[in-house]
Amino acid sequence: MALKGDAVINRYGDELRFFMNQTAERGAIVSISTAGSGVANENASNVVAYASSASGKRPVGILVNDVVNLDLTRQQYNPHKNEVQYGSKVHVSKNGVFTTNMVTSGVTPAAGDTAYLAADGRITNVNTGAVASPQVGYFLTAKDEDGYATVRVNL
């Protein structure tokens with residue numbers, strides 16, 4: 001699990017218009033891959049993904065669902081585990097407080113440090129430039145012994 005259950009989600013910051021076409025673990029930042037025009041709420045062109053590089057990416061928010069790729073002819077996904085099927089709409093939160101272990105390894109954030117988007121949707125306190133590392137919020141705690149840190153996401 002990459003996102004602990006103590007999240008405080010501002011429901012006005014929810015995004016429910018994006019699809020995700022890759023398996024993913026909740027707790028990391030997703031960025032726009034492609035987007036439809038106009039309202040486009042049910043447009044399959046609205047796709048988010050974990051960016052392999054943060055440079056030039058537009059972060060949308062933190063992923064709240066696990067995205068799984070199951071053979072639905074043989075088994076059913078478990079909605080009680082907050083799972084959605086590959087290619088389905090995902091819940092992305094733009095505003096809230098989250099405890100996640102999707103923090104870049106090797107960095108030691110401190111409470112109050114600015115949080116930036118890093119590769120693969122991870123979060124870091126290292127800024128490599130405004131375009132290369134978009135700001136996603138602030139760290140509220142340092143990492144614990146399990147690698148979890150509390151982050152205030154505000155996009």
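## Surface and overall form

The protein chain exposes about 7900 Å², of which carbon and sulfur atoms supply 47%; accessible areas come from the Shrake-Rupley method with a 1.4 Å probe. This is a predicted model, in which local features need pLDDT of at least 70 and side-chain atom pairs count only at pLDDT 80 or more, while totals for chains, interfaces and linings use all residues. Residues are numbered from 1 along each chain as its sequence is written, and side-chain values use heavy atoms, with hydrogens and water left out.

The C-alpha trace spans about 45 × 35 × 30 Å along its principal axes. Of the 155 residues, 43% are buried (under 20% relative accessible area, 1.4 Å probe, protein chains only).

## Strand content and pairing

The protein chain contains zero helices and 14 strands (DSSP runs: helices, H or I, at least four residues; strands, E, at least two).

Strand β13 (residues 135–139) pairs with β11 (residues 114–117) in the antiparallel sense over three bridges; two strands pair if DSSP finds at least two bridges between them. Within this pairing, Gly137 of β13 is the bridge partner of Ala115. Three bridges also join β13 to β14 (residues 149–154), again antiparallel, and Phe139 stands opposite Val151 in β14.

Thr124 lies in strand β12 (residues 123–124) and is buried, with a relative accessible area of 5%. The Thr124 side chain reaches the backbone nitrogen of Val126 at 3.2 Å. Leaving aside neighbours within four places in sequence, Thr124 is in contact with residues including Ala115, Leu117 and Phe139 (heavy atoms within 4.5 Å).

How values were computed. Buried means under 20% relative accessible area, exposed over 50%, partly exposed in between (1.4 Å probe, protein chains only). A polar contact is a pair of N or O atoms within 3.5 Å; within protein, one must be able to donate a hydrogen and the other to accept it, and residues adjacent in sequence count only if both atoms are side-chain atoms.
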